[in-house]
Structure formats: C-alpha cells, structure tokens
Amino acid sequence: MSRPHALLRVGFNYDRTLGMRRLTNTATDVAIDGDGSLHILCRGENLVFIRHLSMDDDDLGGFNLVGGGGAVGGSFKVEGEFRWPAAVVLGKDGNLWLPDEGTHRVSVLTVNGELVAQWGEFGSEPGQLNRPSGIAHGPDRNVYIADTLNHRVQKFTADGKFLSTFGEYGYHDGQFDMPWGIDVDELGDIVVSDWRNNRVQKFSSDGEFVFSFGRTGSADSEFNRPAGVTVDRDGDIYVADWANHRVQLFDQTGRFVEKFIGDASLGRQAREYMITNMVAMRLREMTSLEPQKRLRWPTSVRTDSEGRLYIADYGSHRIQVYKKEALQLRSDEIAPVPRSHTLYTQF
C-alpha cells in the first residue's frame, strides 16, 4: 500500500463532543469499533472503567477494571486483576487490549468485559515489562508495547511470545526517555512519542530509526510531554501534546501542519443532565464559555476510516471529535515543491 504524493487539505472542522464528567470521568483513551461505537478507558484516582458510547452519545453501559470490580451501567464483571491500565485498542480479534502500568502486563477483554487473556511480567530482561503505557497492533497482527520505564519498544505475538526489542535510555536518535504513546501504520512503520525527550520518533518495521521531530517548548512543532500518538490513512501523524493542552498534526515527513486547541459544545448526555439541573444551568449561564471549549490535558488521539479525529480530553472528562476533509493527489496533479516554501498566492 502506498501513500498519497500530496494532499489538498480542504479543512479539519469540529464535529461533536461525546461524554461528560458523570459519564466518562477522566477519559484517558478511546477505541473505535467498526459499528461506530466507542470504548472509552476512564482512569481516575479511585475508579478505572470502560464506558461504551454511541456516536450519538448514547450510554451503552460499561464495566469496572480495578481489582476486577463490578458493573457500571451493565451486568458484566472482570475476573482478572487491574491496577492502572494506561491505554486501550480494539484488536482485529474484536477484543479490547490494555497495557497495565500497575501490574506490568497486557490484558485482553471482550467488549463486554470478559477476560480472554493476560500476559507479561515485571522486569528488564527481554520480554519483561516495566510500566507499559502504549500498545498497538501491526499489520502482521503482532503487538507492539511502549515499555516505558525500560525505555524501549517490545514486539510480541498475539499470545504474548516475545519477538524483538529496540531502544534504550538516552536522548540520541533511537533512544528514549519514557516512551509513552505508540502506533503502527498500515505500512508497518512505528511512531513513538518520547515523553521526557519532548519529541516523536519514527522507526521502520525492523526498529531502525527513520527520523524524529519536536523539541521542548510551546510553539508549533514543540512539545511539553507528548502522550498519545496515531497515524491516519494519509500518513498524517497526530500527537496529544499533554501539558500544552493541545493536539498537533504533522504530515508523513514530520512537517507541522496545524493544531487543535478544543472547540467543545455540550453533547447529548451533558445537555440532558443540564436540563434537569437548574443550578448547573445557572452556573453555565453566568460563566465565560471560551475556556470551557478548550482541551485540558489531552492524553490520547485516535482516527477512523472516515477521517474523524478523536481526542481524549482527560481534564474535561469527554471526547472531542473533528472531521478531516482532504483530497489525495498524485504527482501529476500538483506542481513540484518550489525552492521557497512561502505560499505567495492567496485564496
């Protein structure tokens, strides 16, 4: 599969907000199902759970995770032990996959919360884990783990058999200081957010360093603790710039394109709650709405096949959704790159 030569970027507009404080408290990550439903990992101080929502913001139930827990809006129970799951992805097997920083292992659950498998153990030897934070499936169906406090990426089979590893502690190319988010694109290339080095690195499917971008700061292309990262169908790279309270978009070469700072409105669940709470309505009527729209500590970014971008707006307990419009271009449909990159023609 090849990437487009270039894109005509038409726009990237705010689409909708899903969830609310009492429903998706501390939304940390989101997995998008093929039927349009969302599986949202909510990781707070005292409660960790999965909440299911529809794209119309219908509450579809969920289940607790910490210690096995009980049901949240449903009748499901989790038999395994969980302490501090950090991410969630939907595998090609239709199950939810979660790396757990507290138990140093990976758990596989059905979308109803039934435990399928758990594997992994604490340590620093090949195949062992220390605070795994990110997880991704490659086109080869293998599993890639951001092994955060071992400062490396590890590759496993779907049943947890160790295959390979790359990376070590440091700040040079190919080294890490707490890798956090990870994604593997359809070509097999691996993109990793390097949390304390404030950069993103890209590797080949064999773990060979390709390029990196970013440095410490708050300007465009700079980061303050990059968290979740994802790659869309066009090769664009999205990074949750956690402590800068934004998401940044880069093209497939690492060139900065644009940023998202948040445009949230009240979703269906939030509107229904507000209508039944006169005090909450009065407080919202009295306050400035500008800061209420913005992202606060976004932890994760995901995309779907329709060009939507999903942002886990952790500090505001919701998911913000944007919709991309772009036309893929062949080399004969656009002029060659000029010597000067200034766009001198105004439209």
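**View 1. Glu186 is partly exposed, with a relative accessible area of 29%.** Buried means under 20% relative accessible area, exposed over 50% and partly exposed in between, with a 1.4 Å probe and protein chains only. This is a predicted model in which local features need pLDDT of at least 70 and side-chain atom pairs count only at pLDDT 80 or more, while totals for chains, interfaces and linings use all residues. Residues are numbered from 1 along each chain as its sequence is written, and side-chain values use heavy atoms, with hydrogens and water left out. Glu186 forms a salt bridge (Lys or Arg side-chain nitrogen within 4 Å of an Asp or Glu carboxyl oxygen) with Arg3, and their closest N and O atoms are 3.0 Å apart. Because Glu186 sits in the loop between S15 and strand S16 (190–194), and Arg3 in the segment before strand S1 (6–18), the pair ties together parts that are 183 residues apart in sequence. Arg3 is buried, at a relative accessible area of 15%.

**View 2. S15 and S16 form a hairpin.** Strands are DSSP runs of E with at least two residues, numbered from the N terminus; two of them pair if DSSP finds at least two bridges between them. S15 and S16 run antiparallel and are joined by 4 bridges. Pro179 has Asp194 in S16 as its bridge partner. Between the two strands lie 5 residues, and Gly188 in the turn has a positive phi of about 95°. Of the 6 residues of S15, 6 are buried, so S15 is largely enclosed by the rest of the structure.

**View 3. Arg131 and Glu101 meet through their side chains in a salt bridge.** The N to O distance is 3.0 Å. Arg131 belongs to the loop between strand S10 (115–119) and S11, and Glu101 to the loop between strand S8 (96–100) and strand S9 (105–109), so this pair ties together parts that are 30 residues apart in sequence. Glu101 is buried, with a relative accessible area of 2%, whereas Arg131 is partly exposed at 33%.

**View 4. Glu290 and Arg294 form a salt bridge with an N to O distance of 2.2 Å.** Glu290 is partly exposed, its relative accessible area being 40%. Arg294 is also partly exposed, at 21%. The structure holds 30 salt bridges. Elsewhere, a network of salt bridges links Arg9, Asp232, Asp234, Asp236 and Lys324.

**View 5. The largest cavity has a volume of about 50 Å³.** On a 1 Å grid over the protein atoms alone, a cavity is a set of points where a 1.4 Å probe fits but cannot get out; lining residues have an atom within 4 Å of a point. There is 1 cavity of 30 Å³ or more. Its lining includes Phe12, Asp232, Asp234, Tyr238, Thr303, Asp304 and Lys324.

**View 6. The second largest pocket has a volume of about 990 Å³.** A pocket is an open set of points with protein on both sides within 12 Å along at least five of seven lines. The lining has 32 residues, and Ile32, Leu90, Lys92, Thr303 and Asp304 lie nearest the centre of the pocket. Among the strands that each supply at least two lining residues are strand S2 (27–32), strand S11 (132–137), strand S15 (179–184) and strand S25 (300–303).

How values were computed:
Points joined across faces, edges and corners; volume = space filled by probe spheres on them.
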